[in-house]
Each structure stands twice: as structure tokens, then as C-alpha cells.
Amino acid sequence: MITVGQITKPQGVRGEVKVRAMTNDPSRFCVLKSVYIESRVYKLNAVRVSGNDVFLKLSGVDDRNAAELLRGKFVTIDRAVAVALDDGEFFIDDVVGATLVAKTADSSQNIGVIKSVQSFGAADVFTVQTEKGEMTFAFIKVLNAEYDEKSNVLTVDGDRLKEVAVYDEN
């Protein structure tokens, strides 16, 4: 399963929900026939896209009260219906649990294990469990990230990582 969004609120009174898309192309929702919310499958009766927001009309969710019960829940899809990735692309769900390695011109350093990824709009925020505590960083283009699926390692530019990393060393 791949997480593609999070329901933020009901929209209107007929059961439509507003979803914050967790994909670089929210229009991908338009080709889906169904989604999962907490392991339950919902047929999509209608999809509207506005910027990074997606509005879904789910089968069986017919009023605002039913839509309210879905607030905050994650929307997932089967990997089989996910779009094909280009070289160098990866799904966020794939890198959770991966080893983060910082590479500089002189060396490579194992930073820790990617614990979670949160999507806040401007950039995804990665949380990494290090030996000394947690480290977070905004996943931005200048990190020149490369993901090796076979070894489950995400390699980033070590010099750039130092500029964006925040450590919580308890």
C-alpha cells in the first residue's frame, strides 16, 4: 500500500472530503477507481482537484457526519495501481526504514534510519533515528538524493544536509 493523501476535513454536506495530496501530481487521483482508508476500500464516485488539494466523494459516505469520521485518516492505494516511476524517483513509503547516508567529496557517513516522513506542502520533512537521538531535515532538491532500492539506502549530499538538519539530542 502507498499513502497518497490525508483527509483534512469534510467538504459540504453531502459527504465529500478534502484530501491533502501526498504526491507530486494530485491529478493522479482522477484515474483511480477506489482508495483505502484504514484497510477499508472505498469506491470513488467523484474526484475534483484544486491546487494540491483533492476533493473525493466516497461511496457510502453520504453526509457531513460520515465524512467527519474520516478526518485525519490517511488515504492509500494498492501499489499495483500506482504510477510507474522514472529513474531516480521513489515512493516516500519505500524510504521509511531505509538507511540515510551522507556523502561528501571525502567520505560517506551512515547517519541513521529514516523513521518517518511528514508532508507539509513546501517540502517533506524526514525524521531519522540516529545513535544520539532524532534528526529532522527538509527534503529539498539541493540534497541531490539517490535511493538504492536493492540496499534500501538513501544517499544525500552531506554538506547540504548539515545546512538543513535539526538535531534533537535528548
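Visitor: Over how many bridges do S2 and S5 pair?
Guide: The model is predicted: local features need pLDDT of at least 70, side-chain atom pairs count only at pLDDT 80 or more, and totals for chains, interfaces and linings use all residues. Strands are DSSP runs of E with at least two residues, helices runs of H or I with at least four, both numbered from the N terminus, and two strands pair if DSSP finds at least two bridges between them. S2 and S5 meet this in the antiparallel sense, and the number of their bridges is five.

Visitor: Which residue in S5 is the bridge partner of Arg20?
Guide: S2 covers residues 16–21, and S5 covers residues 53–58. Within S5, the partner of Arg20 is Asp53.

Visitor: In what order do the six strands close into a barrel?
Guide: S2 pairs with S5, and S1 pairs with S2 in the antiparallel sense over six bridges. S4, residues 40–50, is joined to S5 by six bridges, again antiparallel, and Leu44 has its bridge partner in S5 at Leu58. The barrel is antiparallel, and its strand order is S1-S2-S5-S4-S3-S6.

Visitor: Which residue takes a positive phi in the hairpin of S1 and S2?
Guide: Pro10 is bridged to Val17 of S2, and four residues lie between the strands of this hairpin. The residue with a positive phi near 80° is Gly12.

Visitor: How many of the six residues of S2 are buried?
Guide: Buried means under 20% relative accessible area, exposed means over 50%, and partly exposed lies in between, with a 1.4 Å probe and protein chains only. S2 is mostly covered. Its number of buried residues is five.

Visitor: Which residues lie nearest the centre of the largest pocket?
Guide: A pocket is an open set of points on a 1 Å grid over the protein atoms alone, where a 1.4 Å probe fits, with protein on both sides within 12 Å along at least five of seven lines; lining residues have an atom within 4 Å of a point. The largest pocket has 40 lining residues, and S1, S2, S6, H2 and S8 each give two or more of them. By class, the lining holds 23 nonpolar, eleven polar and six charged residues. Nearest the centre are Met22, Thr23, Asn24, Ile92 and Asp124.

Visitor: Which element gives the most to the lining of the second largest pocket?
Guide: This pocket is lined by 17 residues, with Gln109, Asn110, Ile111, Thr130 and Tyr167 closest to its centre. S8, S9 and H3 each contribute two or more residues. With four residues, the leading contributor is S8.

Visitor: How many residues apart in sequence are the parts tied together by Phe90 and Tyr147?
Guide: Rings of Phe, Tyr and Trp (its six-membered ring) pair if their centres lie within 6.5 Å; planes under 30 degrees apart count as stacked, over 60 as edge-to-face and the rest as tilted. The structure holds four such pairs, and that of Phe90 and Tyr147 is tilted, at 5.6 Å centre to centre and 55° between the planes. Because Phe90 lies in the loop between S6 and H2 and Tyr147 in S11, the separation of the linked parts in residues is 57.

Visitor: Is the pair of Phe126 and Phe139 stacked or edge-to-face?
Guide: Phe126 is buried at a relative accessible area of 0%, whereas Phe139 is partly exposed at 21%. Their ring centres are 4.7 Å apart and their planes at 20°, so the pair is stacked.

Terms used: Residues numbered from 1 in each chain as written. Heavy atoms only, no water. Nonpolar A, V, L, I, M, F, W, Y, C, P; charged D, E, K, R; others polar.
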